[in-house]
Amino acid sequence: MKISVSPPPYAGAPVVVLIAGLGGAGGYWLPQLAVLEQEYQVVCYDQRGTGNNPEALPEGYSLAQMAQELYLALTEAGIPRFCVVGHALGALVGLQLALDHPEALTALVSVNGWLTLNAHTRRCFQIRERLLHAGGAQAWVEAQPLFLYPADWMAARGPRMEAEEALALAHFQGKANLLRRLQALKQADFSRDAARIRCPVQVICSADDLLVPAVCSSALHAALPHSEKVVMRQGGHACNVTDPDTFNTLLLNGLASLLHTREKVL
């Protein structure tokens, strides 16, 4: 699997791996790259079956496979230890890595993630699946911003929304791959294993997230033994995109705290 690794800003700089959500595209993190690369060696990638890693995914594709694919790619790149910043599905991959490879994960930042799928989130995905089956990629792509962004933010950015839709259609991962990745996401449940996660975790959520209610991050925070939680007042599900200044400040402060306390946790 192809990954993109930035040059370290200094010798021994910590490695931060960015994992996007269901869309799978590493470009999702563009608003964070410049600030992160000043202090960290940053790894970005398109998830298997998307973007620069096109491949038909097998039936029964799982979150454990997603985590293992990334771990092997990082190992092949000579990166034995790293911190993960994951959004939604990406946060779940980070949790899986923390369980499967605790020696490798120095810290985790969960952005609008969850412990187990919330009933509201499940309903949202059911509606989106129906749109996909009835209207294909066009319907999925057109509906997606409604779940990602606050209404006023979208209304003020009409041309940007049109450009994003065109780009998403041009790089659509395919119905079969999308459904298999979505199924893996829906089956993920960390309620029994979260207490075994030993690395420090920062939980970031947005109070106005339409897709993943903030209560999901509260439950995740309560279940993780070494976690802290911060709440953005607004920004929607894609809060790192809609309010990057606020998000980047929270992220940089959080990473500094997490990586500084790593030895205490161990």
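**Close-ups of a predicted chain**

**View 1. The whole chain and its surface.** The chain has an accessible surface of about 11700 Å², and 54% of that belongs to carbon and sulfur atoms (areas by the Shrake-Rupley method with a 1.4 Å probe). This is a predicted model, where local features need pLDDT of at least 70, side-chain atom pairs count only at pLDDT 80 or more, and totals for chains, interfaces and linings use all residues. Residues are numbered from 1 along each chain as its sequence is written, and side-chain values use heavy atoms, leaving out hydrogens and water. Look around and you'll find 11 helices and seven strands (DSSP runs: H or I of at least four residues for helices, E of at least two for strands, numbered from the N terminus). Of the 266 residues, 51% are buried, meaning under 20% relative accessible area.

**View 2. Helix 2 meets helix 3.** Helix 2 (residues 63-76) packs against helix 3 (residues 89-100) at about 75°, with the axes 9 Å apart (lines fitted to C-alpha atoms over the stretch in contact, with angles from 0 to 180 degrees between N-to-C directions). So the two helices are roughly perpendicular, the label for 65 to 115 degrees.

**View 3. Zooming in on Ala 64.** Ala 64 sits in helix 2. Its relative accessibility is 35%, so Ala 64 counts as partly exposed (between the 20% and 50% cut-offs). Ala 188 is 124 residues from Ala 64 in sequence, yet their C-alpha atoms are 9.3 Å apart in space.

Definitions and conventions: Parallel < 35°, antiparallel > 145°, perpendicular 65-115°, else oblique. Buried < 20%, exposed > 50% of the residue type's maximum accessible area, 1.4 Å probe, protein only.
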